[in-house]
Amino acid sequence: MDYLLAPFFWILALLISIVWWVFTQLLWIVLWLLLPVAVVAFIALRVAERVLGQETVRAWVKARSQKYGVAASKRIQRAAFALGVLPIRVLFWLPIYAVWHSVISLLWRPKWSPWQRAWAKRWRAETTKVR
């Protein structure tokens, strides 16, 4: 039985290692791209508090965060409602389909585009009418 499952476990380990590599790469990208921005934003916030006053800056930050928070809350409510009215079997298959579609989209690209195909059929139809 060990020999029958060995290729399956090998493929599974390969997929896990690829996913782990992508995850660590994204983590390092986020660390090296967003961390400097966060540090600069923190320093700019402290400088603005010294120049403009602590209450003014905190009121401005509070107004901006509430505006974005309300917008995000509305989007979450709409998405939760849309997912809440779906049947259970659809909710079960939706993540599986999303992963499958992502993998297929990454690995396979059609050789033709719908526009090229439609254009070719248009001209082919006219040549058959002439004959």
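Predicted model: local features only at pLDDT ≥ 70, side-chain atom pairs only at ≥ 80, totals over all residues.
Local features need pLDDT of at least 70 and side-chain atom pairs count only at pLDDT 80 or more, while totals for chains, interfaces and linings use all residues. Residues are numbered from 1 along each chain as its sequence is written, and side-chain values use heavy atoms, without hydrogens and water.

**Fold and confidence**
- The protein has 4 helices and 0 strands, in the order α-α-α-α along the sequence; helices are DSSP runs of H or I with at least four residues, strands are runs of E with at least two, and both are numbered from the N terminus.
- Mean pLDDT (the predictor's confidence in each residue, from 0 to 100) is 85, with 83% of residues at 70 or more.

**Surface**
- Of the 131 residues, 2% count as buried, that is, under 20% relative accessible area.
- The protein exposes about 12700 Å², of which carbon and sulfur atoms supply 74% (Shrake-Rupley method, 1.4 Å probe).
- Isoleucine 29 lies in helix H1 and counts as partly exposed because its relative accessibility is 44%, between the 20% limit for buried and the 50% limit for exposed.

**Largest pocket**
- The largest pocket holds about 190 Å³ of space, a volume filled by probe spheres set on grid points joined across faces, edges and corners.
- A pocket is an open set of points on a 1 Å grid where a 1.4 Å probe fits, with protein on both sides within 12 Å along at least five of seven lines; lining residues have an atom within 4 Å of a point.
- Its lining consists of Leu15, Val99, Ser102, Val103, Leu106 and Leu107, and helix H3 (residues 88-107) gives the most, with 5 residues.

Definitions and conventions
Buried < 20%, exposed > 50% of the residue type's maximum accessible area, 1.4 Å probe, protein only.
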